[in-house]
Structure formats: C-alpha cells, structure tokens
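Visitor: I would like to learn how to read the features of a model like this one. Please show it to me and take them in turn.

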Amino acid sequence: MDNAIEIDGLRKRYGKLEALKGISLHVKRGEIFGLLGANGAGKTTLIKILVGASRYDEGSASVLGLNPMKQAQALRHQIGYMPQAPALYEDLSARENVRFFGRVHQIPNFEARVDEVLDFINLRQRENDSVYGFSGGMKQRVSLGCALVHQPNLLLLDEPTAGIDPKLREAFWAHFRELAAQGVTILVSTHQMDEVLHCDRAAVMREGVVLACDTPRGLLSRGSAHIKIWSDTQVLDETVGNYPERLPQLLQRYHLDPSVNRIEVNEDTLEDIVLSLINDKESAHV
Amino acid sequence: MFSQMIAVAVRVLRQLAHDRRFVVLSLAAPFVVIYMLDIFFDSVESPLFRPKEFIVPVAAFIVHFLTYLLCAIVLVRERTAHTLARMFVNGYRRGTIIGGYIIAYSLLATLQSLIVLLALQGFFELNYTLETMLSIYGVIWLLAVISISLGIFVSNFARNEGQVFPFIPLVILPSVFFSGLILPIDRLPDWASWLTYITPLYYATEAIHGFTGEGGNAALWVALPIYGVVVLTLAMFTLREQE
C-alpha cells in the first residue's frame with residue numbers, strides 16, 4: 001500500500017456541531033503532509049481520529065492499513081503522536097517523561113534509545129530537571145521526544161511549533177525533514193501559513209471541510225500577481241494569474257517599449273492564497 | 001500487561017516522591033484529624049458515650065474520605081492535562097492504568113492506615129491485642145483500596161476538577177449517615193436500607209466492631225474485597241479510551 005493514511009467521507013459531530021463534514025484525503029508513505037487552517041478548522045479532531053483517540057460518525061479511515069477506531073491498539077505501537085498541549089508530567093523530569101511514554105513499547109536497548117532521543121531534542125544537559133520549570137519550547141521538545149522514542153513509522157503532530165520561537169521552529173522542521181528522509185511519514189497540523197512550504201503536500205481546512213489539497217507550488221499557483229509597469233507616459237496596473245507566462249504577454253503589449261522604466265511584481269503570498277480560499281468559501285455561504 | 005502496570009505505578013510513585021508537600025499533607029492530615037477527634041471526644045461529658053465504639057470506624061472513615069478524594073482529583077488532573085489520552089494513544093490499556101494507580105496509591109494508603117492506627121493507639125489508648133490491631137489495620141487498608149477504586153470510578157464522570165466536587169458528598173454523605181457510623185442502621189426506614197449496603201463503610205464498621213467486641217460482625221470484612229472488585233470492574237468499564 002502506497003498510502004499511509006486514507007480517509008474517505010469522514011464525519012464527526014460533537015452534539016449539534018459538525019466538526020468534520022465529509023473529509024476525504026490520502027497521505028503517501030514517507031511524505032510530510034501539512035494540515036493548514038485556523039482554530040476550529042477541524043485539524044485536531046482529524047488527528048485525534050487518526051490516532052484512535054476519538055471516534056468518527058461516518059465515512060472510513062485507514063492508518064497504516066488499520067482502522068483507527070476498531071484496531072487502535074494494534075496501531076498505537078506504529079504511530080507517534082504529539083498533542084497540541086504538551087501533555088507531560090510536569091513534576092517529572094524530561095528523562096522520566098520520555099522513559100514513561102516509551103516504556104510501553106518493546107524497545108531494544110531502551111536506555112540507549114532514551115539517551116539518543118534526549119540528544120535529538122537537545123535536552124541532554126537538562127534531562128534530570130523537572131519539566132515544570134521548562135519554557136514552552138522545551139516542553140514541546142520533550143513532547144516531541146515522547147512521540148519519537150519508539151521510532152514510529154508514522155508521526156502525527158498537532159501544531160508542534162505553536163508558541164515557539166523562529167529558531168526552534170527551524171530546528172523542528174529540520175528534525176522532521178531528517179525523519180522523512182529516513183522514511184517516516186509525517187502528518188503535521190499548523191496555523192502558520194509559511195510552514196506549508198516545508199511540506200510535500202498540504203490540505204487547507206476550514207470549518208471541517210478541505211478547501212484545497214496540493215503541493216506548496218500548486219497552492220502558490222492558485223494565487224495571482226499584481227503587476228505594475230511604469231513608462232514615461234502611463235502606469236499599467238494589472239492583476240494576473242500565472243504571471244511567469246502572462247508577464248511576457250504584457251511586455252509584448254508594450255513592444256518592449258524603451259520608455260518602460262520600472263516593473264513591479266507583487267505575488268500573492270501563501271497566506272493571501274489561503275485567506276482568499278477561505279473567503280471564497282465564506283462568500284459561498286452568504 | 002503487568003510490566004505496563006508497574007510502569008504506571010512507578011511513574012505515579014515518582015510523581016509522589018517529587019511532590020513531597022502532597023505526601024506530607026496526606027499523611028499528616030489523618031493524624032491531625034484524629035488529634036482533633038481526641039479533643040472533641042474528651043469534651044463529650046456523657047456516661048452513655050463510649051469513644052472507643054466510635055473512634056476506630058471514624059478513623060477508617062477519615063482514610064476512606066482522604067484516599068477517595070485524592071485519587072479522584074489526581075485522575076481528573078490526568079484527564080485535564082491530556083496525559084490520560086496520551087497514555088492511551090501510546091498503548092497503555094485502561095486495566096494497566098487503573099492497576100498502576102491501585103498499586104501506587106495502595107502504598108500510600110498502607111502508610112496512611114499505619115499512621116491512623118498509631119495515632120489511635122497514642123491518643124485513645126486502645127489496649128487491643130496485636131491480633132485485633134492487625135485485623136483493624138487490614139480492614140482500614142482494604143477500605144483505603146476501595147476508596148482508590150471509588151475515586152477512579154467517580155473521576156470517569158468528571159471532565160475537570162470542578163466536576164469532581166459534586167461527587168464528593170454523593171459518596172461521602174451516605175457513608176456518614178447510613179453506614180451505622182452515627183446512627184444504628186436498624187433505626188433507618190426499611191425502604192432506605194439499600195443505602196446502607198452500598199456504602200463500603202458499613203462493612204468496615206461492622207467488621208471493626210466485630211473485631212473489637214463492640215457487636216458487629218467480623219466476618220463482614222470479606223465483603224470489602226468483593227466490594228472492591230465490583231467497583232474496580234465498574235471503573236474499568238466506564239474509563240473510555242476513545243472520545
């Protein structure tokens with residue numbers, strides 16, 4: 001099977017609130033797949049279903065070929081889960097937390113593996129300090145360590161970089177790329193648009209619906225560019241899609257006029273594109 | 001499965017070791033309460049009142065109350081900190097989690113029961129035989145283990161610490177009023193007798209009175225482990241692994 005995750009028509013309700021409205025997705029093995037969306041988009045609900053922590057009402061889900069609702073126990077030794085909240089024992093040390101969450105798996109050379117993980121999350125120097133005194137970023141690192149300790153085939157990370165500084169974010173993404181290079185599939189949710197650029201593919205979610213699912217390049221191509229051309233006599237101001245192909249046409253319209261003295265191209269950022277997708281969805285509701 | 005249970009128990013004990021204030025308070029509290037009971041009972045000037053009839057079951061009640069309360073709150077804290085959900089996703093099973101808690105808190109209850117018994121001996125000069133003292137200790141310890149199970153069971157119905165509080169009087173008040181601790185149970189109306197049998201303190205009080213020669217029925221100590229197994233089974237089935 002090429003896909004690590006397959007979801008078809010997944011629905012989840014919390015009372016009257018429909019958190020997931022018939023989502024269909026697939027994540028290939030070895031891929032870094034991003035779930036992008038604002039708070040309340042359904043990212044956490046989806047991840048909780050995939051790790052077998054939550055039940056779904058309709059549709060189907062397959063994670064590493066197993067049904068996360070009915071075969072959760074078989075699945076749990078193959079996946080690593082980092083919840084949105086650090087979910088750690090704050091009165092225990094970093095080492096004790098990693099050991100406790102790793103202890104449940106049959107890990108050969110367990111203590112050596114715990115050392116390896118503590119090195120990986122760069123907390124070896126503080127391994128015996130209680131997590132209570134750690135910064136938000138350090139807690140996130142311990143949480144990541146707990147998710148990684150048993151070397152899972154699939155990592156599901158719920159906003160792992162929320163609330164951490166840019167330097168640590170970069171370090172996290174470097175870790176994720178390193179893991180992906182080793183063949184680990186990573187599903188990562190974020191509400192920081194620029195992080196999608198680190199993913200192989202990403203789904204943009206809003207209110208329980210997938211608005212778009214594409215590669216970062218594919219998502220960027222959905223945007224447009226605002227082109228302004230100044231000549232001695234006039235200013236041309238146009239908004240075009242696919243500007244690498246459209247710009248030459250615009251220039252031809254000017255016959256490469258030597259009076260053209262300045263060209264400005266402002267491309268939509270990923271944030272603009274995602275916001276426009278979300279706004280389109282909103283206007284469709286009105 | 002057993003190694004997972006031990007892992008949970010070791011983790012809980014390590015947490016307790018880190019939280020020394022909690023341990024000291026939970027061990028000192030029964031001692032202080034028994035001292036206050038000593039002051040209270042000394043002040044009751046009635047020839048009909050015999051403190052010895054009350055004090056051992058009251059001490060058992062103190063352990064019951066504290067253990068139940070602490071365990072319920074600690075388990076709910078696991079839920080609100082999302083560590084319970086994380087344990088499940090990591091592969092821990094509900095049986096191993098509950099078993100781990102029972103092992104760890106039983107050790108705390110062992111110490112608590114011992115302190116209670118020593119405090120009783122010190123303040124009230126019980127003058128019981130060693131065999132009677134050991135029997136009382138066994139009853140208090142069994143009651144403490146039941147209280148842990150009750151705490152786990154009740155915590156399954158609460159999503160946060162605040163929601164635990166309404167359950168406290170629901171479990172504790174029937175123990176006070178219907179277990180025979182204050183009022184002889186034969187004075188209760190027949191229709192209310194079932195309330196007596198659902199309180200673990202009834203069986204503990206009857207057994208303690210049986211062992212100390214204050215009436216009662218010593219053989220009823222057997223009901224305590226049975227009660228514990230029933231509550232544990234209920235706790236196991238109500239602890240949900242999935243939302």
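Guide: Helices (H or I, at least four residues) and strands (E, at least two) are DSSP runs, numbered from the N terminus. This is a predicted model, in which local features need pLDDT of at least 70 and side-chain atom pairs count only at pLDDT 80 or more, while totals for chains, interfaces and linings use all residues. Residues are numbered from 1 along each chain as its sequence is written, and chains are lettered from A and ligands numbered from 1 in the order in which they are written.

Visitor: What span does helix α3 of chain B reach, and what is expected?

Guide: The expected span of a helix is 1.5 Å times one less than its number of residues. Helix α3 of chain B (residues 51-80) has 30 residues, and from its first C-alpha to its last it reaches 43 Å, close to the expected 44 Å.

Visitor: Is α3(B) mostly covered or mostly uncovered?

Guide: A residue is buried if 20 or more other C-beta atoms lie within 10 Å of its own, exposed if 12 or fewer, and partly exposed in between, with C-beta atoms placed from the backbone. By that count 22 of the 30 residues of α3(B) are buried, and the helix is mostly covered.

Visitor: Where does B:Met1 lie, and is B:Met1 buried or exposed?

Guide: B:Met1 sits in the segment before α1 of chain B. B:Met1 counts as exposed because 9 other C-beta atoms lie within 10 Å. Its C-alpha is separated by 32 Å from that of B:Ala204, 203 residues apart along the chain.

Visitor: Which phi does A:Asn122 have, and which does A:Glu159 have?

Guide: A:Asn122 is not a glycine, although its phi is positive at about 60 degrees. A:Asn122 is in the loop between α4 (110-120) and α5 (136-148) of chain A, and it counts as partly exposed because it has 14 C-beta neighbours inside 10 Å. A:Glu159, also not a glycine, has a positive phi of about 50 degrees. The loop that holds A:Glu159 runs between β6 (154-158) and α6 (166-181) of chain A. A:Glu159 is buried, with 22 other C-beta atoms within 10 Å.

Visitor: How is chain A divided into domains?

Guide: Domain bounds come from an automatic or database domain assignment. For chain A they give domain 1 (3-219) and domain 2 (224-285). The centres of these two domains, taken over C-alpha atoms, are 38 Å apart. Nine residues from domain 1 of chain A and seven from domain 2 of chain A take part in their contact, where two residues are in contact if their C-beta atoms, placed from the backbone, lie within 7 Å. On the domain 1 side, β8 (201-206) and β9 (209-214) of chain A are the elements that give two or more residues.

Visitor: How many residues does each chain give to the contact between chains A and B?

Guide: Chain B gives 19 residues and chain A gives 23. On the chain B side, the elements with two or more residues are α1 (2-18) and α4 (83-90). That side holds six nonpolar, eight polar and five charged residues. Ala, Val, Leu, Ile, Met, Phe, Trp, Tyr, Cys and Pro count as nonpolar, Asp, Glu, Lys and Arg as charged, and the others, Gly among them, as polar.
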